[in-house]
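Me: I would like to go through the labels attached to this model and ask what each one rests on. Please set the value against the cut-off each time.

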Amino acid sequence: SDADLVFAPLRVRRGSPLGPGDVAVDDLVDLLPVVIFAQAATDVELDVQPDESEAATLAVAVDRADELTARADELDHEAGSLMVSAEMNRIDAMASGRDPDRTIVDRAKHAHRAYIDARTRADEAWRLVNELDPSAANGHLDPDLWMGSDPD
């Protein structure tokens, strides 16, 4: 009942529409948000163990790749900030005739290595997604691409 949208199988028996578990459609609609009923032209076998399906495996792989990409993006931002700080420190040190602060430089180098490692892991995760489903690795479809296309 907390779903935003429900897709439900529909069966017609003795002229009455029935939903899952042969429950009358009227009884279901009152309890749910937006509901879409569909009747297949032929019997459809639903996978009762979606965790074992290829779609579930692909979904897990895409989620993992998205997480790793987000982490790499965070580390990219952090490394960039530290590298700017290290360069500003170097410029200030040169202007004042002293040596740059090695701690800032070392932190920037470490952050950059962490970013490279994270980006490599993300790229590898997307490679796995591409192996599972080549069309999924291209990212999300741009709605303007298909909404604005001319069918003629």
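Reply: Start with R102, which is partly exposed, with a relative accessible area of 47%. The model is a predicted one.

Me: Why is R102 called partly exposed?

Reply: Buried means under 20% relative accessible area and exposed means over 50%. R102 has 47%, so it counts as partly exposed.

Me: Where is R102 found, and what does it pair with?

Reply: R102 is found in helix α3. It forms a salt bridge with D106, the closest N and O atoms being 3.7 Å apart.

Me: What makes the contact of R102 with D106 a salt bridge?

Reply: The criterion is a side-chain nitrogen of Lys or Arg within 4 Å of a carboxyl oxygen of Asp or Glu. The closest N and O atoms of R102 and D106 are 3.7 Å apart, so the pair qualifies. Both residues lie in helix α3, four residues apart, about one turn of the helix. D106 has a relative accessibility of 41% and therefore also counts as partly exposed.

Me: How far is R102 from A86?

Reply: Their C-alpha atoms are separated by 8.7 Å, and the two residues are 16 apart along the chain.

Me: How do you know that α2 and α3 are roughly antiparallel?

Reply: Helix α2 (residues 54–96) and helix α3 (residues 102–132) pack at an angle of about 160°. Angles over 145 degrees count as roughly antiparallel, so the term applies to α2 and α3. Their axes are 7 Å apart, and the crossing is left-handed.

Me: How many salt bridges does a search of the whole structure find?

Reply: The search finds eight. Among them is the one between E131 and R127, with the closest N and O atoms 2.1 Å apart.

Me: What makes the nonpolar surface patch, and why is F7 called exposed?

Reply: The patch, of about 390 Å², is made by L5, F7, V34 and I36. β1 (5–9) and β4 (34–38) each supply at least two of its residues. F7 is found in strand β1. Its relative accessible area is 62%, over the 50% cut-off, so F7 is exposed.

Me: Which pattern does the chain follow, and what share of its residues is buried?

Reply: Read along the sequence, the pattern is β-β-β-α-β-α-α-α, with four helices and four strands. Buried residues make up 20% of the 152 residues in the chain.

Key. Residues are numbered from 1 along each chain as its sequence is written. This is a predicted model: local features need pLDDT of at least 70, side-chain atom pairs count only at pLDDT 80 or more; totals for chains, interfaces and linings use all residues. Side-chain values use heavy atoms; hydrogens and water are left out. Patches are made of residues with over 30% relative accessible area and no salt bridge: like charges are joined within 9 Å, nonpolar side chains (Val, Leu, Ile, Met, Phe, Trp, Tyr) within 5 Å. Accessible areas come from the Shrake-Rupley method with a 1.4 Å probe; for residues, only the protein chains shown count as cover. Buried means under 20% relative accessible area, exposed over 50%, partly exposed in between (1.4 Å probe, protein chains only). Axes are lines fitted to C-alpha atoms, for helices over the stretch in contact, and angles run from 0 to 180 degrees between N-to-C directions. Angles under 35 degrees count as roughly parallel, over 145 as roughly antiparallel, 65 to 115 as roughly perpendicular and the rest as oblique. A crossing is left-handed if the near helix is turned anticlockwise from the far one by less than a right angle, and right-handed if clockwise.
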